[in-house]
Amino acid sequence: MEHVGAADLSDFREEVGRWISDNFPVSLKNMANPMSREAMAFPTEDQEIWRKAMGAKGWGTPTWPTAYGAAGLTRDHARVIQQELLRAGAYNPIGGMGVMMFGPTLLEYGTAAQKAQHLPPIVRGDFQWCQGFSEPGAGSDLVSLQTRADDKGDHFLVNGQKTWTSGAQWAEWCFCLVRTNPHDKYNGISLVLFPMSTPGVEARPIKLINGNSSFCELFLTDVKVSKDQLVGSLNGGWAIAKRLLQHERTALAGSTTTAVEAYSLRELARKYVGTDAGGRIANPDLRARIVANEMEGRIFKQTALRATAEAKEGGDVSALSSMMKNANTRQMQQRTELAIEILGHQGIGWEGDSFSETELTVVRDFLYGKAPSIYGGSQEVQYNIISKRILGLPS
Amino acid sequence: MAILSEEQSMLREAARGWVDVRSPITAFRKMRDSGNRLHFDTDSWKEQAALGWAGVIIPEAYGGSDFGFLSMGLVLEELGRTLVASPLLASGLVAASAITLGGDEAQKQEWLPAIAEGTAIATLAFEEGAAHVPEKVATTASGTQVGFKISGKKHFVVEGLAADVFIVSARVPDGSDTDQAIELFLVRGDAPGLTRQELKTMDSRGYASLEFHDVEGQRLGSGGNGWSILATTLDRARAGLAAEMLGSATQAFYLTMDYLKTRVQFDSLIGSFQALQHRAARMFMELELARSAVEAALQAVENGASDMPELVSLAKAKVGETLQLVTNEMIQMHGGIGMTDEHDAGLFLKRARVCEAMYGNQSYHRNRYADILGY
C-alpha cells in the first residue's frame, strides 16, 4: 500500500466534506444505516437518491479499481471518506454481500468479462447478492454439500437445496457452491453465479426465534446456469469458497449490529437497577460483570485497530480473522445476556404496549444474538481453524 | 505486534538474541538453586546494563537513550519469556520514572546516570499491607532544619535486597490524611535506622520488608505533588509489568503447544484431541487480545495520554487473566510432569501469581476501570 502525504489527504478531506454536504439528503442525517436486507429492499426516495449518488461517485467501494466505476483510492483515502461520512452524520449506502465477500473474491478469481458484468452493479448498489453455501446436510461441514450441477454442454443444470441463505428473498443474484464431481469431496466443488429470477429458483423465508425472517431456504430445481458464469476452474471451487469465507469472517469480526451499539449497558443499569449513594450501579455483582464485558469490548476494538495497522504495514493478519470473530461474538453474546438481565421483568417481553421499543429491541437482540456463534463458520469451526492452521496442532 | 521503528525492531531482536543465548530459563533455575543472596545474577545484570536497557526511558541529558516506553516494553516482554530475574523493571523503569518525573536537578544528576549505567539500583517502596492500596500510607516524614526523618514500615519492596536507594512514600504532617499529604523521599540503602528483611516469595526473586526508625530522607523535588508522581509512576510500572507478563504468557503457551505436538497417549499425539485443541485456540485468542491491550497501554504511557490510567488498568487486568489461564493450562496439559519441580511449568505458574499481586491484581484494576469511567 502506497503511503499518502498528509497535505494530499487534507485536500482530499476537504473535497469529500464538500461533496457530502452537496449530495447527502438532510432528511437522512444521523439516521442508522439501513443495512438490514429488508430495509435495503424497500428504500425511501431519499435513501435511493443517496445510494445513487454514492454509487455513481464510486466512494461506496473506494479501494476497488476505477475500471468498474469504483474510486481506485488508497486505504488512507478510504479512511478519510469513512471519517467524513461519520462527521456529517451520513452512512455508506453501498454494502451487503456483494461488497463484503463476493466482489473482493471476483476481483481475485473472476474473468475479465465476469468482472465487467458483475462489479459495476455492486459498485452502484443496484444489485444485492446472496450466498448459496449451506445445505440441510452441510452446515459446519460445508464440504459435504450435495447440490448438483450437471454439464449439459452449453450450460449447467443445477438441482438441490440450500439453506440459511440470508436475504435470498430480496437478492438479485446468487453466488452458489455446487457439486460438479460426486467422487471427489474437495476437488469436486465449483462456484457458479445465477440471477435469482432464473426459473426453478425459489426462496422461502425461515422464521427465527426472534420472530424475524432474514434467512431463507433456497430450492433449486432444474436451474439453467450459463457456462460463462462459472468462477475459476471447474471443480476448483473449494479454494475460492475458503477465500470467500475468510472475507466473511473478517467482515463479521468487525461487525456489531447497530441495535446492540444503540444502547449503553451503563445507562440501562442506571435506569433499571439504580445507583448507590456513591453514584455506582447499585448491584455490585452486576456492576462488575457489566464492566468486565465493556472492557472486553474495548480490547476487541484495540485489536481491530492493531490488525488494521498491521495490515497497512503489509503484515499477514488473515490468521487473526477466526480469533476476531470468536472474540467479537463472545463479547456481544455476553452483552445481550446482560441487557435482558438488567431489564428484569421488562426484559422478557415479546410485543405489546407494556414494553417500550428499547425493551423489545433488547429482547429480540438477545434472541438473535445466539446466531453469530453459528453462522459464518460456527465458534467450534473457528477454533478448529485456529488450532490446525495457526497453531499447527496435529489431526 | 505493534508497528515498530527500525531502532525498536533492532532493540527487540537484540533482546531476544541475548535472552535466548545468555539467559535461557536454565539461567533462572541455576540462580534460584545457587542460594544467590540478591536473587538475580549481577554479571547478567551488568550485561543488560551494557546493552543500554537500564537507560531506555532515561533522558539523554542524564545518560539514558530516551528510547521510550514501547521500547522498554519490548525488552521486558523478552525478559518475561525466560523469566529473567532482573532489576530492570524496578530500577530502570519504576524508580527511573519517579526520579525523572519528580526529582529536582541535583537529584536527577545524582541518580539517573548511575541507574542508566546499572551501577546503582533504585526501587520504589510504597506497599504497606496485604492489599494494593497505594494511597493508604502510614509511614510518616517529619521535617527538620536539614531534611526529613522517615518512620514506618514498607512491605513487598521489589529488589529491596539489592537497592542502593529507595523512593519511599510517606505522609508529611500537614494535619490531613488526604492524598495531598503524600510525598516521596529518597532514602539511601545504608542510611542509619533503616533495616531490611528478606521476604521469601514463591517466584524466588528478590523482595524485602523495610523498617524505618527516624531515617534521614530527602524529599523528591519541591513537594506538593508527591501523590500525582506516585500515581503516574505506578501506571508506568503496571504497563511495564504487563509487558513482562505478556512475554511469560506467550512463552508458557508455546511451550505447551510444543508438548501437545510431542506427547503420545492412546497411540495419538495429544494435540490431536479436540478437547485440548479448542482450549489451545481460546488461549491463542486471549493472548492476541491481551497483546492489543498491553501495546495500547504502553502507547498511552509513551504519549502521556489523558486516558492512560484506564488503559493501563485494562491491560493489567487482561494480561493478568490471560497469564492465569495459560499457566493453569500449562500445568494441566502437561499432566504429572507439570507438577514436578524439575519441569519449568511451575516456574511460570509461581512467577505469574507474584506478577498478578504486584501493582494491583485483576479485581483491583477492573474496579479501578469502573471507577474511572463512572460505572
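**Exercise 1. How many residues does the contact take from chain A, and how many from chain B?**

Start with the ground rules: this is a predicted model, where local features need pLDDT of at least 70, side-chain atom pairs count only at pLDDT 80 or more, and totals for chains, interfaces and linings use all residues. Residues are numbered from 1 along each chain as its sequence is written, chains are lettered from A in the order in which they are written, and side-chain values use heavy atoms, leaving out hydrogens and water.

Step 1: contact means heavy atoms within 4.5 Å. Step 2: on that basis, chain A puts in 38 residues and chain B 44 residues.

**Exercise 2. Find the salt bridges between chain A and chain B.**

Step 1: look for a side-chain nitrogen of Lys or Arg within 4 Å of a carboxyl oxygen of Asp or Glu. Step 2: the tally between the two chains comes to seven salt bridges. Step 3: check one pair, E288(B) with R306(A), whose closest N and O atoms sit 2.7 Å apart. Step 4: now ask which element gives the most to the side of chain A that touches chain B. That's α10(A), with 15 residues; helices here are DSSP runs (H or I, at least four residues) numbered from the N terminus.

**Exercise 3. Work out how chain A is divided into domains.**

Step 1: take the bounds from an automatic or database domain assignment. Step 2: read off domain 1 (6–94), domain 2 (129–240) and domain 3 (254–390) of chain A. Step 3: over C-alpha atoms, the centres of domain 1 and domain 3 of chain A are 27 Å apart.

Methods
Helices (H or I, at least four residues) and strands (E, at least two) are DSSP runs, numbered from the N terminus.
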